[in-house]
Amino acid sequence: MPADPLPEVLAAVARHWGFATLRPLQERAIRAVLAGRDSLVVLPTGGGKSLCFQAPAVVRGGLTVVVSPLIALMKDQVDGLARIGVPAVRIDSSLSAADKAAAAKAIRGGTARLVFTSPERLVNTDVCRFLRDHQVHTVAVDEAHCVSHWGHDFRPEYRQLARLREFFPDAAVHAYTATATERVRQDIAEQLHLTDPEVLVGNFDRPNLTYRVLPRVDALGQVREVIDRHPGDAGIVYCLRRADVDRMTSALRAGGYRAVAYHAGMTPEDRRAAQEAFAAEEADVVVATVAFGMGIDRSNVRYVAHAAMPKSVEHYQQETGRAGRDGLPSECVLLHSGADILTFKSVLEKSAAEANAAPEFLAAGLKHLDEMAGYCRGAVCRHRALVRYFGQEYDAPSCQACDLCLGDTTDVPDARVVAQKILSCVARVKEGFGVAHVLDVLRGADTAGVRGRGHHELSTYGLLKEVPKADLRDWVHQLIGQGVLEQAAGEYPVLKLNAASWEVMRGTRDIRLIRLARREKQSAAPGAAPGLPPGMDADLFEVLRQLRRQEAARAGVQPYQVFPDTVLAEMARGRPTTEDALRRISGVGEYRLQSFGGLFLKVIAAHCRKTGLTTDVPPPKAAAPLVLPPKPSPRRDEAYRLFRGGMSVADAAARMGLAPATVNEYLAEFVRAERPASIFAWVPEDVCERVAAAAEVHGTARLKPVFLELNGEVPYDHIRIVFAFLDGRNG
Ligand code: ADP
Ligand code: ZN
């Protein structure tokens, strides 16, 4: 291998996947794979985990073995790789004898680069012994949280992977997961015996998702409101029980929606049919229990609606993560009620008793449940709350993408006084009663329960008479969610005060209370969906979607494997007429171009002729760079200082212990902000000239056209720096 194999990987990524750049974490993850160093990579769904092990596999000899929990998932991945010219095979129980022989032959002949298989096949089996003879240098464990008891999706067959090292002593082991708290992370590293792993944790925020949380008042009606905001788009509706799934599906179908059901109680054939209908875009809505999802990879899911609360924040993150994997704006609506918690509690207790589980097991389950309930009732920005749950900070004061920040809810005026009234009432009833009784006292209810205890004589009796009961109940739970009131665990969930309660009562601690919209605001309905390219022709987009569906059926693949939505949207905006123009679109690699390019060009041309639309519309000029001053960061200051002295990226990266990708970003910022007289310290003069000349033609809005213009000879990092220089000069 060359001294730095990364450029070769980048070329492969451009050729096969059509991506111009790696995301910063992908680069680091890929470097770990290339260096043969174990790694643990935690990236949210949609973060691009698969590229981390697939791209290096393409440029190396030998084999990468990928462990994956579901056959459907493997089949999808292998088919998808074939589409883009990456040789991969799978070995699983569903293969025919002929398929098996073909897979073995591809491995023996050295044509297969990736082998997908299930965990139980990889340890001490014939498959395992066969693979051992064929130079396995990398084992990638996908959905690695399945190995941990503490995760939310423990799978016993993953436990066998603890012996992986025994059978593949020379291979590096890499674990990938979308959801892992610190504890699960440690567990994964221990179970898989990772040696000094590179641990990479991505940013958990999904900025393209808008989160809304609503009390459930009419599940069907509320779910229909969500679907109606996204006509013709793909969506998933999660229900708690199988019976709810069946009921919801029938009701939606009766209402004319193209909905299919999916749950573990259906026959495998019915389940497969439902999954395929959804993947082939014959159905728009899948109504499912949580059993659905891991096997599906439709990147253009535009909404996920939960008709009931999930049982953990991890589940929620993973299920909502299926929305908007293509990065386009998508919506997540969660309906909940106190009944969901009770249902889950009894299910948990029952299954713990039946399985004779260790007490920690039940405790962990109840804790997950509590945290989820806290999220539903919290008055904290949803993006912030989710990101914090995974141990990260969220800096922006407002996300502009959740019910709380978008103003679906209203702040309660005098929240502090209201909170003080509620807390004093808890104190007056001597911390001996549950929510219902405290509400009765505050609202001045004339009941036997209140009178019998003399609570109608308390000073807090009737203090919040005018507040509707539902609101008052929300507020009590919001106080619990913010940690200033506690609810005892166990059979009698009485309300208790803590130190924080007294701070609120003394007025030394701030509190926020909100009044929820019982229904979503109509104003939330989208007109032109934000995030789609401005100037996109919506009719052409539809025409291309139809074409994609038809071509996918003909080629026996899934529509997203033809082209993702992002590519269709860009086609409908720029309306290219040549292969070259098509090639400039991010996500169009050589292989898909060969298979489908000509046909799409023909249809685009025909549509434009018919409607008189202009073609080959150049991309808009880069929006004026935001003039927000960067957040103060000692790291950036340090990088700037080194750049002022003319230090190279490699040296600065080594000095600061940062990934070159990160340092390159700093360098681009530096060049843009400080406008140095020359950038020849980082990009050779002749390269600067070539890039500048190409930018005259293609502009500086996007890197890929210039990269292609220069025959891929100039790395993206150099183009980015020159662009920054040109922008800085013009700006
Ligand atoms: P995950 O497995 O982490 O959920 P995927 O591997 O499915 O994520 O990738 C999510 C989406 O991001 C896919 O649509 C993929 O094509 C896209 N993607 C991945 N890496 C890149 C990249 N470097 N540049 C552009 N798009 C990317
Ligand atoms: Zn927010």
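A residue is counted as near a molecule or strand if one of its heavy atoms lies within 4 Å of it. Of the 14 residues around ligand 1, those that come nearest are Thr21, Gly46, Lys49, Ser50 and Arg325. This is a predicted model, in which local features need pLDDT of at least 70 and side-chain atom pairs count only at pLDDT 80 or more, while totals for chains, interfaces and linings use all residues. Residues are numbered from 1 along each chain as its sequence is written, chains are lettered from A and ligands numbered from 1 in the order in which they are written, and side-chain values use heavy atoms, with hydrogens and water left out.

Ser50 places a polar side-chain atom 2.5 Å from an oxygen atom of ligand 1. Thr21 takes part through its backbone, where a polar atom is 2.8 Å from a nitrogen atom of ligand 1.

Helix α3 gives the most to the shell around ligand 1, with 3 residues. Helices (H or I, at least four residues) and strands (E, at least two) are DSSP runs, numbered from the N terminus. Because 10 of the 11 residues of α3 (residues 49-59) are buried, this helix is largely enclosed by the rest of the structure. Here, buried means under 20% relative accessible area, exposed over 50%, and partly exposed in between (1.4 Å probe, protein chains only). Among the buried residues of α3 are Lys49, Phe53 and Val59.

Now for the sheet: 7 strands form an open sheet with parallel pairing, in the order β3-β4-β2-β5-β6-β1-β7. Two strands pair if DSSP finds at least two bridges between them. At the edges, β3 (88-91) and β7 (198-201) each pair on one side only.

Technical notes:
A polar contact is a pair of N or O atoms within 3.5 Å; within protein, one must be able to donate a hydrogen and the other to accept it, and residues adjacent in sequence count only if both atoms are side-chain atoms.
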